[in-house]
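Let us walk through this structure together, one neighbourhood at a time. Have your viewer ready, and follow the residue numbers as they come up.

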Amino acid sequence: MVASALLPELWTEILVPVCAVVGILFSLFQWYVVSRVKLTSDLGASSSAGKNGHEDYLIEEEEGVNDQSVVAKCAEIQTAISEGATSFLFTEYKYVGVFMIFFAGVIFVFLGSVEGFSTENKACTYDAKRVCKPALATAAFSTIAFVLGAVTSVLSGFLGMKIATYANARTTLEARKGVGKAFIVAFRSGAVMGFLLAASGLLVLYITINVFKIYYGDDWEGLFEAITGYGLGGSSMALFGRVGGGIYTKAADVGADLVGKIERNIPEDDPRNPAVIADNVGDNVGDIAGMGSDLFGSYAEASCAALVVASISSFGNNHDFTAMCYPLLISSMGILVCLITTLFATDFFEIKVVKEIEPALKNQLIISTVIMTVGIAIVSWVGLPSSFTIFNFGAQKVVKNWQLFLCVCVGLWAGLIIGFVTEYYTSNAYSPVQDVADSCRTGAATNVIFGLALGYKSVIIPIFAIAISIFVSFSFAAMYGVAVAALGMLSTIATGLAIDAYGPISDNAGGIAEMAGMSHRIRERTDALDAAGNTTAAIGKGFAIGSAALVSLALFGAFVSRAGIHTVDVLTPKVIIGLLVGAMLPYWFSAMTMKSVGSAALKMVEEVRRQFNTIPGLMEGTAKPDYATCVKISTDASIKEMIPPGCLVMLTPLIVGFFFGVETLSGVLAGSLVSGVQIAISASNTGGAWDNAKKYIEAGVSEHAKSLGPKGSEPHKAAVIGDTIGDPLKDTSGPSLNILIKLMAVESLVFAPFFATHGGILFKYL
C-alpha cells in the first residue's frame with residue numbers, strides 16, 4: 001500500500017477554491033474601505049470610522065487651502081489619468097488580442113501535427129505500458145489553457161490599473177490629514193490588486209485543472225502537459241504589458257524631466273509641463289499593469305512546472321490528488337498568510353510620522369515570510385505522504401516530506417534576502433545611494449560611473465542566494481524541488497504586489513498634489529510616501545527576477561525531460577552554440593527596449609520644447625499646455641515599439657527548436673537564464689539607485705544632502721541626468737528581462753513534443 005497524504009481529497013477540493021474566494025472577498029473589502037474617501041466637496045468623508053475616522057481634523061484648514069476647488073481639481077486630474085491609462089491599455093490589448101488568436105492557432109497546429117492529427121489513443125511518453133490521450137487532445141487543451149492564461153493575465157493588469165487610478169487622488173486628499181492616513185489609502189489599494197491577482201490566478205488554474213480532468217480521466221501526464229499552456233498565456237501577455245507599458249512610462253518621464261527640470265527649472269509634476277499627464281498615466285500602465293501581469297505569469301509558470309514534474313512522479317502515477325495539488329495548497333496558504341500580514345499595516349499599527357513608513361513596508365515582508373514558514377510546515381505535513389518518489393531525468397528519486405518543506409522554505413527565505421539586498425543598494429537611507437548622490441558634486445559623468453558600479457556590485461549576493469536555493473532544492477527533490485522553491489518565493493505574492501503597487505499610487509498622489517496647487521506640506525508628505533515606494537518597487541523587481549531564475553530553471557528541467565534529452569553536454573558543438581546565442585539574447589532584447597525608449601523620449605522632448613516655445617503664457621501659468629499630444633506620442637511609440645522585442649522572444653524558441661533541435665534549444669535556454677538574471681538585477685538596481693540619489697538631494701533631510709542641494713543646483717541637475725538614464729534601465733529593460741528568460745523556457749516546454757518529433761531539420765540533412 002502506497003502512503004498517501006493526511007488531507008483527504010475532498011478537503012483539498014474544498015480548501016483551494018475557498019482560500020481563493022476568501023482572497024477575492026478580502027480585496028473587495030479593501031476596495032470598499034478606499035471608496036469611502038469621497039472625491040467630492042464633502043471634505044469630511046474619510047476612509048472608515050475610528051482610526052481613519054470621518055471626524056478627522058484637516059491640517060490644511062488653517063492655511064486656507066481647504067476649499068472646494070482643490071478637491072474638484074484633484075477629481076479632474078484623476079479622471080484625465082484614468083482615461084489616458086484606459087485608452088492606452090485598450091489600444092494595446094487590441095494588438096495583443098490579434099497576437100493571442102494567431103499564436104493559439106500556432107500551438108494547435110504544431111502540437112496537433114506531432115501524431116499527424118491522429119485521434120487514436122497512444123502509449124504514454126514516460127510509461128509505455130499505459131495508454132494516454134491523443135496528441136490532438138493535448139493540442140486542443142493546451143490552446144484553451146493558453147487563452148485562459150492570456151485573458152487572466154490581461155485582466156490582472158487592467159484591474160490593477162483601474163484600482164490604482166481610482167486610489168491616487170484619494171491618497172492625495174487623505175494626505176491633508178497626515179502621512180498615516182495617506183499611507184493607509186495607498187497601501188489598501190495595493191492590497192486590492194495583490195489579493196485579486198493572487199486569488200484569481202489560483203482559482204482559474206484550479207477550475208481549469210478540474211474541467212480538463214473530466215476529459216483526461218486517469219491520464220494525468222497528458223492533463224498537466226496541456227495545463228502548461230496556462231503559464232505560456234500568462235507570460236506572453238505579460239511580455240507585451242511590461243515592454244509596451246515600460247516604453248510608454250519612460251518616454252513620458254524622460255521627456256518631462258529633461259525639458260522641465262533641467263532646461264526650464266520647474267518642479268516635478270508641474271502642471272505647466274505638457275508631458276506631466278502622460279508621465280502619471282505611464283506609472284499606471286507600466287509599473288502597475290505591467291508588474292501585475294509579470295508576477296501573475298511567474299506564479300502560473302512556477303505552478304505549471306511543479307505540476308508537470310509531479311504528474312510523472314509517484315503523485316501522478318498513484319493519482320494522489322492532494323499531493324498533486326501541493327503547489328496549489330502552498331498558494332492557498334500564502335493568501336491566508338498575506339491576509340493576516342496586511343492587517344499589521346492597516347489595523348494593528350498606525351503610522352504617525354514619515355520615518356515609520358519604510359519600516360512598516362519592510363515589516364510586511366518579514367512578517368509574511370515568518371508566518372509563511374509555519375504555513376508551509378503545516379501544508380507539507382498534511383498535504384504530502386511521508387515518503388514518495390520524484391521524477392529525476394529518467395529515474396525516480398525517493399524524497400521525504402520534510403525535504404520538500406525545506407525546498408519551499410529555501411526559496412521563501414532567498415526571496416527575503418534578495419529583497420533586503422535590493423533595499424540596501426537602492427534606498428537612500430544607506431551608504432551606496434548616498435555615495436552615488438555625493439558623486440554628483442563633480443557632474444553627471446561621475447554619477448553615471450558610480451551608479452553603474454553599484455548595479456554590478458548589487459548582483460553578487462542575490463546570485464549566491466539563488467545559487468544556494470537551487471543547490472539545496474535540487475539535491476533534495478530534483479527539478480520538482482526547484483519548482484516549489486520558486487513557488488515558495490512567490491507564495492507571499494499578495495503582500496509583494498501590495499507593497500509594489502503602493503509605490504506608483506503614491507507617486508501619482510504627489511503628481512496630483514503638485515498639479516492641483518496644494519501646499520508644499522502636502523507635497524512633502526506624498527514625496528515621503530513615494531520615496532519609500534521607490535525602494536519597495538525595487539524590492540518587488542528583485543523578487544520578480546529571483547523567482548524568474550528559479551521558475552526558468554524548473555521549466556528548463558521539465559523541457560529537457562519532455563524532449564527526451566538525458567544530459568545537456570556543454571562540450572558538444574550543438575549545445576555550445578546555443579549557449580553563446582542564448583547569452584547574447586538579453587543584450588539584443590535590452591538594446592531594442594532601450595533604443596525604443598530613447599527614440600520615443602526624443603519625440604517627447606521635441607514636443608515639450610515646441611509647446612514651451614510656441615504657447616504664449618505657458619511658463620507664466622496663464623495658458624494651458626496641450627497634454628493630449630504628449631499622451632498620443634507615448635501611446636503610438638509604445639504600441640509600435642513593443643512588437644519587435646516581443647517577436648524576438650516568441651520566435652527564438654520556435655526557430656531554434658525547429659531548425660536546430662532540442663539540444664541547441666537547451667543551450668539557448670541555459671545561456672539566456674545565466675546572462676539575463678545578471679543584467680536584470682544590475683539594470684533594476686542601477687536605475688533605482690540613481691532615482692533615489694536624486695530624491696535624497698531633493699529632500700535635503702541630512703546635512704550631507706543639504707550641501708548637495710537645493711533643487712536646481714549643479715549636483716541636483718547631475719542627479720536628474722542619472723535618473724533619466726536609469727529610467728529605461730529600471731522600468732523597461734530590467735523588469736522585461738525576467739519575462740524573457742521565463743517565457744522562452746515555458747514556450748519550449750509547451751512545444752517540446754513538436755520539437756522532439758519534427759525539430760532539428762538542419763542537422764538531419766547536413
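Leaving out residues up to four places away in sequence, Ile340 touches Phe348 and Ile371, where contact means heavy atoms within 4.5 Å. You will find Ile340 in helix H9, residues 326-348; helices (H or I, at least four residues) and strands (E, at least two) are DSSP runs numbered from the N terminus. With 39% relative accessibility, Ile340 counts as partly exposed; the scale calls a residue buried under 20% relative accessible area, exposed over 50% and partly exposed in between, using a 1.4 Å probe and protein chains only. From Ile340 to Ser387 there are 47 residues in sequence and 32 Å in space, C-alpha to C-alpha.

A word on the source before going on. This is a predicted model, in which local features need pLDDT of at least 70 and side-chain atom pairs count only at pLDDT 80 or more, while totals for chains, interfaces and linings use all residues. Residues are numbered from 1 along each chain as its sequence is written, and side-chain values use heavy atoms, with hydrogens and water left out.

Next, please move to helix H16, residues 520-562, which holds Thr526. Is Thr526 buried or exposed? Its relative accessible area is 0%, so Thr526 is buried. Setting aside neighbours within four places in sequence, Thr526 is in contact with Ala175, Ser506, Ala509 and Gly510. Thr536 is ten residues from Thr526 along the chain, and their C-alpha atoms are separated by 15 Å.

Now for a helix pair. Two packed helices are described by the angle between their axes and the distance between the axes. Helix H12 (residues 431-438) and helix H13 (residues 444-457) pack at about 160°, with axes 8 Å apart. That makes H12 roughly antiparallel to H13, since angles under 35 degrees count as roughly parallel, over 145 as roughly antiparallel, 65 to 115 as roughly perpendicular and the rest as oblique. The axes are lines fitted to C-alpha atoms, for helices over the stretch in contact, and the angles run from 0 to 180 degrees between N-to-C directions. On the H12 side, Pro432, Val433, Asp435 and Val436 meet Asn447, Phe450, Gly451 and Leu454 of H13. Sorted by class, this contact of H12 with H13 has five nonpolar, two polar and one charged residues; Ala, Val, Leu, Ile, Met, Phe, Trp, Tyr, Cys and Pro count as nonpolar, Asp, Glu, Lys and Arg as charged, and the others, Gly among them, as polar.

Rings of Phe, Tyr and Trp (its six-membered ring) pair if their centres lie within 6.5 Å, and planes under 30 degrees apart count as stacked, over 60 as edge-to-face and the rest as tilted. By this rule there are 32 aromatic pairs. One of them joins Phe141 and Phe212 edge-to-face, 4.7 Å centre to centre with 65° between the planes. Phe141 lies in helix H3 (residues 135-174) and Phe212 in helix H4 (residues 179-216), so the pair ties together parts that are 71 residues apart in sequence. Phe141 is buried at 17% relative accessibility, and Phe212 is buried at 3%. Elsewhere, ring pairs link a cluster whose members include Phe99, Phe240, Phe658 and Phe755.

Finally, check the backbone of Phe117, which has a positive phi of about 55° although it is not a glycine. Phe117 is found in the loop between helix H2 (68-112) and strand E1 (122-123).
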